[in-house]
Amino acid sequence: RLSRDIYGDAAALVFLTLWCFSPLLLGWGATICPDAVAAALGLVAVYSLRQWLRAPNWAGAAVAGLCLGLLPLAKTTWVIAFGIWPLIWCLWTAPSYLTKADKCPLPRPPFRQLSLVLFLGLYTLNMGYFFDGTCRPLGQYVFISQSLHGEKVAEDQQRPAVTGNRFAGTWLAGIPVPLPAEFVQGIDTQRYDFERGRPSYLRGTWADHGWWYYYVYLLGVKMPLGTWCLVLLAVLATVVHRRYNAPWRDEMVLLVPLLAIFILVSSQTGFSEHPRYVLPALPLLFVWISKVGRAFAFRHRFVAALTKLALVWLITSSLWIYPHSLSYFHELAGGPKSGPRHLLGSNVDFGQELFSLDEWYQQHPEARPMRITRTGLCPLELTKIESAGWPPVGPDGSLPPNGPSRAGLGPQPGWYALSVNEIYDQSRRWRYFLEFEPAATAGYAIYIYHVTLDEANRVRRKLGLPELPEDGQQQTEDGAARGRT
């Protein structure tokens with residue numbers, strides 16, 4: 001409806017296609033994570049805000065306020081909406097005050113109704129927490145992030161020994177915070193996570209920090225090429241043919257929150273890992289892209305034909321990988337098989353292929369015993385898989401906790417299942433598995449290997465390890481028994 005109201009019926013169908021076949025939305029919409037929900041609620045909130053701005057009334061303001069309050073309940077990132085909405089109101093109304101009232105094309109949304117929007121937004125957010133700790137004075141909080149406690153923390157310090165409150169003892173200490181106490185503490189904890197940082201991976205490089213351009217690159221390789229073609233068409237249409245553009249106020253309502261979210265997540269460079277952080281901005285981009293649908297109304301056959309081809313390309317590319325959408329990478333990036341060359345973490349494996357591995361395991365009884373290491377929180381006990389322990393660690397890798405001894409270093413014959421994240425892990429424990437060709441895969445996230453004695457010795461020679469004797473298979477089975485123990 002938002003796309004239709006701004007750009008027309010054909011644009012609404014373009015948006016619907018982008019939404020329904022986006023690999024990012026398909027993949028993350030299937031998880032318990034709130035990001036796809038936050039993306040959908042973002043559209044609802046922007047729609048209700050625009051409806052109120054175009055026809056200001058108290059009922060519309062109440063609906064816009066309710067929707068505003070739901071946003072940070074879905075995802076903390078959306079707390080910035082409490083700053084974005086007043087900014088949009090200012091941009092919307094400012095030009096009207098520079099013209100005569102009888103020449104103003106739209107009514108001016110009054111400030112008192114904006115106040116209701118913000119008040120109901122805060123009220124809804126607090127109601128979601130049952131008003132627990134609402135309006136607690138700022139000076140009574142105990143913070144762990146350096147930004148809020150104000151003390152320097154040693155770089156090698158894993159947990160914050162320093163806690164405090166930089167506002168204590170100042171005139172700000174007595175100001176009541178109009179947010180639930182746990183919501184404020186959650187923001188503090190999240191800020192601490194980014195300050196502490198985590199190892200991050202991009203294009204084969206590991207670093208102890210993230211990159212400001214990470215999400216630009218992420219969308220560059222994980223958003224289908226058909227979608228990128230539509231982005232290019234939309235940009236060209238905006239610049240070359242102004243009939244494709246909606247009134248500037250309508251486009252501003254889309255672009256301001258889109259850019260704000262993207263800038264916010266890109267500025268958090270403590271670590272870069274999850275594509276879901278940028279997900280709330282994606283539907284707003286899709287609405288703006290959908291302006292290319294106006295080509296059908298304008299009878300611009302060439303642009304309409306390119307739009308159709310791009311949509312077909314998008315649908316085909318997405319469904320070709322489905323249901324393994326979390327591991328999607330487009331064709332120029334090499335597809336999902338080449339994904340680890342670009343990104344790791346939840347871009348490839350979020351534990352979603354456990355049951356695919358279970359299905360393969362049950363269909364191949366010869367793959368026993370099997371040693372497994374994988375990413376994900378779901379326990380193997382939910383499946384019929386019996387792990388024989390960890391795969392043997394390579395000579396240049398660090399030992400995992402409670403893992404095998406160094407007596408069994410390097411490749412050994414047997415069956416193995418390894419998460420892509422574990423193979424490319426910074427520790428390099430199992431990097432040598434790249435020397436083998438997988439016998440099968442569980443989706444695109446777990447590689448299954450059957451290593452023979454000859455193959456094991458080939459790689460062992462390459463690694464400078466002594467070759468295994470002919471009875472190496474028996475030694476491997478003994479090692480598997482020790483691993484199970």
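Me: Which residue of β6 is the bridge partner of A417 in this structure?

Reply: The structure is a predicted model. In β6, A417 has I448 as its bridge partner. A second bridge into β6 joins S419 to I446.

Me: What makes strand β4 (residues 414-419) mostly covered?

Reply: A residue counts as buried when its relative accessible area is under 20%. In β4, six of its six residues are buried, and the strand is accordingly described as mostly covered. G414, Y416 and L418 point one way, while W415, A417 and S419 point the other way. In a regular strand, side chains alternate between the two faces of the sheet.

Me: Why is helix α10 (residues 214-222) described as largely enclosed?

Reply: Seven of the nine residues of α10 are buried, so the helix is largely enclosed by the rest of the structure. The buried residues are Y214, Y215, Y217, L218, L219, V221 and K222. They pack against α3 (23-28), β1 (200-202), α11, α12 and α13.

Me: Why is α11 called roughly antiparallel to α15?

Reply: Helix α11 (residues 225-240) and helix α15 (residues 301-321) pack at an angle of about 155 degrees, their axes lying 7 Å apart. Angles over 145 degrees count as roughly antiparallel, so α11 is given that description relative to α15. On the α11 side, the contact involves L225, G226, T227, C229, L230 and L233. On the α15 side, it involves L306, T307, A310, L311, W313 and L314. By class, this contact has nine nonpolar, three polar and no charged residues.

Me: What makes the contact between R276 and D35 a salt bridge?

Reply: A side-chain nitrogen of Lys or Arg must lie within 4 Å of a carboxyl oxygen of Asp or Glu. For R276 and D35 the N to O distance is 3.2 Å, so the pair qualifies. R276 lies in the loop between α12 (248-267) and α13 (282-289), and D35 lies in helix α4 (residues 35-54), 241 residues apart. R276 counts as buried at 15% relative accessibility, and D35 counts as buried at 0%. D35, K75 and R276 are linked in a network of salt bridges. The structure holds eleven salt bridges.

Me: What makes R50 and D250 another such pair?

Reply: The closest N and O atoms of R50 and D250 are 2.8 Å apart, which is within 4 Å, so a salt bridge is assigned. R50 lies in helix α4 and D250 in helix α12, so the pair ties together parts that are 200 residues apart in sequence. Both R50 and D250 are buried.

Me: Why do E195 and R191 count as partly exposed?

Reply: The partly exposed class covers values between the buried limit of under 20% and the exposed limit of over 50%. E195, at 30% relative accessibility, therefore counts as partly exposed. R191, at 34%, therefore also counts as partly exposed. These two residues form a salt bridge, with their closest N and O atoms 3.6 Å apart. Both lie in helix α9 (residues 181-196), four residues apart, about one turn of the helix. An α-helix has 3.6 residues a turn, so residues three or four places apart point the same way.

How values were computed: Residues numbered from 1 in each chain as written. Predicted model: local features only at pLDDT ≥ 70, side-chain atom pairs only at ≥ 80, totals over all residues. Heavy atoms only, no water. Axes fitted to C-alpha atoms, helices over the stretch in contact; angles between N-to-C directions. Helix = DSSP H or I, 4+ residues; strand = E, 2+ residues; numbered from the N terminus. Parallel < 35°, antiparallel > 145°, perpendicular 65-115°, else oblique. Contact = heavy atoms within 4.5 Å. Nonpolar A, V, L, I, M, F, W, Y, C, P; charged D, E, K, R; others polar. Buried < 20%, exposed > 50% of the residue type's maximum accessible area, 1.4 Å probe, protein only. Pairing = 2+ DSSP bridges.
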